[in-house]
Amino acid sequence: MEGLQLIATGGALPGRLVTNEDLSRVVDTSDEWIVSRTGIRQRHFCTVDQNAATLAIDAARQAVARSGLSPDQIDCCVCATLSGPCASPSVACQVQRALGLPEDRPALDVNAACSGFVYGATVARGLLATLGGRYALVIGCEALSRLMNMEDRSTCVLFGDGAGAAVFELAQGAVFAATLGACGDDAIRAGGPNLTGSSPIEMDGKAVFRFAVGALPRCLNTVLDETHLTLDELDWVVCHQANSRIIDHCVRHLGANPAKFYKNMDRHGNTSAASIPVALNEMVESGLLIPGQTVACVGFGGGLTWAGMLLQYKGAEQ
Ligand code: UT7
């Protein structure tokens with residue numbers, strides 16, 4: 001099957017900045033504990049008029065504008081989220097309407113928690129191949145602040161809100177590999193039927209940590225093997241930004257160059273499905289990720305799920 005290439009990205013972070021210092025006034029915690037255990041220093045929370053769909057629309061609009069494509073060239077819209085404002089209409093359908101994407105193409109949400117963006121891209125690739133399309137809009141967006149118990153210090157210091165979006169092109173001969181997996185386990189639970197926070201996020205942090213440090217190198221090695229690339233030949237690795245110690249553990253385990261592993265959890269916390277596309281967008285905006293480079297994206301989290309994808313950043317046609 002043909003592979004995906006990254007054409008353009010977009011991002012949106014909500015308006016309320018919450019520092020570790022702010023949280024230490026709400027629960028029994030400290031900046032020292034949060035930074036040393038997670039690498040997180042601050043996160044953004046939605047304001048009252050923002051939610052996962054409004055962030056998704058902002059990020060998607062930016063990605064499509066930067067792609068140089070018109071909305072009617074987008075052949076499918078897939079949105080990864082577990083914290084949309086309602087179950088229906090899906091966030092993807094809200095994006096379709098706001099951006100005026102073609103009505104005769106699919107728009108759907110995917111829930112694979114923190115692996116969601118890579119799952120979403122893989123679903124989009126299948127839709128393009130099946131329906132004969134060329135360009136996909138894939139979004140990861142979360143408003144996890146709406147699902148948090150702000151009295152539970154073991155979780156409320158970890159998560160943040162945000163959205164990232166990417167336009168992909170399905171291309172013959174593209175450098176591309178993907179691997180997805182799942183193993184039903186409730187080590188992370190989030191959200192009740194109305195997503196109001198009545199069933200807030202609960203997590204067995206230690207169990208998830210152990211799972212993550214195994215899943216991350218496994219996914220990375222799988223996509224490297226499939227593309228016949230070595231870690232030295234790969235330009236960038238973008239892992240789900242749950243905890244800097246998980247990424248450090250993976251770097252040590254693989255004997256890798258830590259500079260290849262992008263980190264931004266210090267500024268955004270863990271934004272679940274949004275973390276990988278938010279990172280990709282920052283890397284493009286700051287000139288770190290440049291056309292022609294290869295990047296592996298690796299997600300792991302609730303479900304439990306895991307997902308890896310290796311592809312090339314092509315950039316938009318000038
Ligand atoms: O996005 C989905 C994927 N999620 C993840 O990958 C998360 C994976 N897990 C982790 O990142 C880590 O397990 C955590 C950051 C969640 C927790 O770190 P930890 O080193 O596993 O800490 P812990 O849960 O074992 O807690 C150690 C101590 C406990 O106190 P005692 O029992 O040793 O007295 C906790 O009560 O730290 C205490 N603690 C806190 N102290 C201050 C827990 N949360 C806090 C807090 N501030 N916010």
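Where is Asp152 found? In this predicted model, Asp152 sits in the loop that runs between strand S6 (135-143) and helix H6 (153-156). Its relative accessibility is 22%, so Asp152 counts as partly exposed, the cut-off for buried being under 20%. If neighbours within four places in sequence are set aside, Asp152 is in contact with Val27 and Ile201. Leu4 is 148 residues from Asp152 in sequence, and the two are 40 Å apart in space, C-alpha to C-alpha.

From this loop the reader can turn to the nonpolar cores. The largest nonpolar core has 47 residues, and the members that touch the most others are Leu220, Leu234, Phe261 and Phe300. At least two residues of this core come from each of helix H7 (205-227), strand S11 (236-239), helix H8 (244-254), strand S13 (294-301) and strand S14 (303-313). H7 supplies the largest share, ten residues. Another core, of 32 residues, lies apart from this one; Leu4, Val110, Val138 and Ile276 are among its members.

Leu234, in the largest core, shows what such a position touches. Leaving aside neighbours within four places in sequence, Leu234 has contacts with Leu220, Leu224, Lys260, Thr294, Val295, Ala296 and Leu310.

Two packed helices are described by the angle between their axes and the distance between the axes. For H7 and H8, the axes come within 9 Å and cross at roughly 50°. That angle makes H7 oblique to H8, and the crossing is right-handed. On the H7 side the contact is made by Phe209, Ala212, Val213, Leu216, Pro217, Leu220 and Asn221; on the H8 side it is made by Arg245, Ile246, His249, Cys250, His253 and Leu254. Sorted by class, the residues in this contact are nine nonpolar, three polar and one charged.

From H3, the residues Ala52, Ala53, Ala56, Ile57, Ala60, Arg61 and Val64 meet Val91, Gln94, Val95, Ala98 and Leu99 of H4. By class, the contact of H3 with H4 has ten nonpolar residues, one polar and one charged.

How values were computed: Residues numbered from 1 in each chain as written. Predicted model: local features only at pLDDT ≥ 70, side-chain atom pairs only at ≥ 80, totals over all residues. Heavy atoms only, no water. Core = buried A, V, L, I, M, F, W, Y, C linked by side-chain atoms within 4.5 Å. Buried < 20%, exposed > 50% of the residue type's maximum accessible area, 1.4 Å probe, protein only. Helix = DSSP H or I, 4+ residues; strand = E, 2+ residues; numbered from the N terminus. Contact = heavy atoms within 4.5 Å. Nonpolar A, V, L, I, M, F, W, Y, C, P; charged D, E, K, R; others polar. Axes fitted to C-alpha atoms, helices over the stretch in contact; angles between N-to-C directions. Parallel < 35°, antiparallel > 145°, perpendicular 65-115°, else oblique. Left-handed = near helix turned anticlockwise from the far one by under 90°.
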